[in-house]
Amino acid sequence: MKKQNLLKAIDQELLDKLFGFCYVRTRDSYEAQELCSDIALALVEAAHSEGEIQDLYGFIWRVARNVYADFSEKKRRNSDRYSYEELGDVAEEAFAEENDDAESLQQIYRSIAFLTRAYREVMIAYYLDGLPIAQIARQQNTSENAIRQRLFSARQLIRNEVKNMESTKKPLALEKLPRFIIWGNGDPAGNDPRSVCTRKMSNHILWACLEKPKTAKEISDELYVPMPYVEDELDILARGENGTYGMVRKLENGKYALNFPLLSQQQIESLWGIISGKLPLIQEGALRFVEAHKEEYLSFPYINRKVDLNLILWQQVKWLAASFEWKVEEILAEKHFCDIKKSDRPFSVFGYLNNGELAQRGYGYDGIEAINLCGYQAIHAGNIYGNRLRPHFHCGLDLARDQKFQLAIRAIYGLPVGDLAEQQREYAAKAVEEGYLFREGDTLYTKFLVYEGTNHTQDRAVSFRFGDEMTAEAEQVAAEIAAFIRKNLPAHLLEDYWLVNELASLTVADTLIDALIEKGLMTPPENGIGAEGVSMNVSK
């Protein structure tokens, strides 16, 4: 095969094997990742060269062994470069305590990695780059005395680290984390800080900062992870996805704090306890409201062939719960936090910890849009999901590439089965199974709710009035939630008081659904997947 085809062989399975090769030949996972990246880069470079490969995997492993040999030689040269005199009295003490020179030198390098950035940069510039103190001071725009002080402090830190490393034997493996349940509110496209919080290191840092803000050094010591990795991860977490909203924030005192409400399990149980005492009244109020407005719900001009109250209520129960939540938020803003400006950003996150004892609560809503598709100028599809409803899609779905949704759009007024191309028939069968479509004779029709118009929230107008009918209950809930927030939310997060209210309200939708099912007004879909919870508005 030609070398240009080598890229097709570099898949996740191969990378996993390469990482295993690197892991057994290096000191830790970070060094293994570095070596694995070097091998992958060498393979990519080879793929851009001319020539033939007779034995694909033989070639790959020859490259891997050659890169490893270069990697080892580079490490050896770096280790041989520094004499005792260049390392100064720090090295003298270390080598006096250890008989194995190489082992002590490794300990010193590892200790340098645990230093704060300012100390580390000075140590590297002075000992590794061989720069004089005067030049380092000019580069860092500070005085020579400041550089000497940093060197002195760094040496002392290394002395202590080298002395204690053998005795402490701190484990590199981090303890198992509790589960984070993190919700989002708003437009996640380009604004969701969770998108950069996918590594275990990220979650360990959030856990470390849960109870109080900490410096990068404190986090490094607690996790026993070298400072370069902690500081880099903190930078990523602080920037987030859009550069302005991250999972952590750096405070004026240099410490890092969580930048979103994250409640402990004890706190979330206490918060839900505030709502639980009012849930029977909220249930009764919702049942009265649905009975009183049943005809209004049924009279909405949905354009799909079949409409029933069950489908409508599965769509509306989320907004009944949201209406109560918004009434509580309105009261919080007017009576309890009028001195606090509510945070205003495209997207916000909030969550709690769950060690496995808490049941999943809450129903989410994801919306997607498309233009000039299947004969319609604009399309908006909404998807409600939770304990009893599995999601059909999440934000970011490209409708132009989703065959099942396109069939549902084409079938609004009926789609003859005979009009389907052979490859579309399989998609149509899946769409029927998952509740997008139903068949009547030889014609397919859209099963979930569809209406015309550019306002994708107009079908919720009735449900949005529910909160006003529950003002007395909302007043009581708001007073207790306000007291909880003042006690438990850090001062720098008070502007996110409304997100704590969202966490409190997670139990409401579940409770209303249970009540409406028990009353016989709603039926849960089989296996949690169906037309329930999905709606679409279209504009010609």
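C374 counts as partly exposed because its relative accessibility is 30%. In this predicted model, C374 is found in the loop between β6 (364–373) and β7. The backbone of C374 has a positive phi of about 55 degrees, although C374 is not a glycine. N141 likewise has a positive phi of about 55 degrees without being a glycine. N141 lies in the loop between α7 (133–139) and α8 (144–168). With a relative accessibility of 73%, N141 counts as exposed.

Two further cysteines were examined for burial. C209 counts as buried, at 3% relative accessibility, and C197 is buried with a relative accessible area of 11%. The structure holds zero disulfides.

The protein as a whole has 21 helices and twelve strands. Of its 540 residues, 48% count as buried. When contacts between residues at least 6 apart in sequence are taken, 75% join residues at least 24 apart.

In soluble globular proteins, nonpolar side chains tend to be buried together. The largest nonpolar core of the model has 94 residues. The residues with the most contacts inside this core are L271, Y352, F405, F448, I481, I485 and M536. Helix α15 (residues 309–336) gives the most to the core, with 14 residues. A second, separate core has 25 residues, including C197, V225, V230 and L353.

The surroundings of F448 were listed without residues up to four places away in sequence. On that basis, F448 touches N304, F405, A408, G435 and Y436, and also A531, V534, S535 and M536. F405 and M536 are themselves among the residues with the most contacts in the largest core.

L271, another of those core residues, is one of the buried residues of helix α12, together with Q265, I268, W272, I274 and I275. Helix α12 covers residues 265–276, twelve residues in total. From its first C-alpha to its last, α12 reaches 16 Å, close to the 16 Å expected at 1.5 Å a residue. The cover over the buried residues of α12 includes strands β4 (262–263) and β5 (347–354). Helices α13 (279–292), α19 (471–488), α20 (497–504) and α21 (506–518) are also included in that cover.

Strand β12 is mostly covered, with six of its six residues buried. V534, M536 and V538 point one way from β12, whereas S535, N537 and S539 point the other way. Strands of a sheet pair through backbone hydrogen bonds, either parallel or antiparallel. Both arrangements occur at β12. Strand β7 (residues 376–385) pairs with β12 in the antiparallel sense over six bridges, and G382 stands opposite S535. Strand β11 (residues 449–452) runs parallel to β12 and is joined to it by four bridges. In that pairing, V450 stands opposite M536.

G533 lies in the loop between α21 and β12 (534–539). This glycine counts as buried because its relative accessibility is 1%, under the 20% limit. G533 touches W314, Q315, G382, N383, I384 and L389, not counting residues up to four places away in sequence. The C-alpha atoms of G533 and P391 are separated by 8.6 Å, although the two residues are 142 residues apart along the chain.

A separate description applies to strands β8, β10 and β9. These three strands form an open sheet in the order β8-β10-β9, with antiparallel pairing. β8 (415–416) and β9 (437–440) each have a single partner strand and stand at the edges, so one side of each is left without a neighbour in the sheet. Two bridges link β8 to strand β10 (residues 443–446) in the antiparallel sense. Within this pair, L415 stands opposite L444.

Terms used:
Residues numbered from 1 in each chain as written. Predicted model: local features only at pLDDT ≥ 70, side-chain atom pairs only at ≥ 80, totals over all residues. Heavy atoms only, no water. Expected span 1.5 Å × (residues − 1). Buried < 20%, exposed > 50% of the residue type's maximum accessible area, 1.4 Å probe, protein only. Contact = heavy atoms within 4.5 Å. Core = buried A, V, L, I, M, F, W, Y, C linked by side-chain atoms within 4.5 Å. Pairing = 2+ DSSP bridges. Disulfide = S-S within 2.5 Å.
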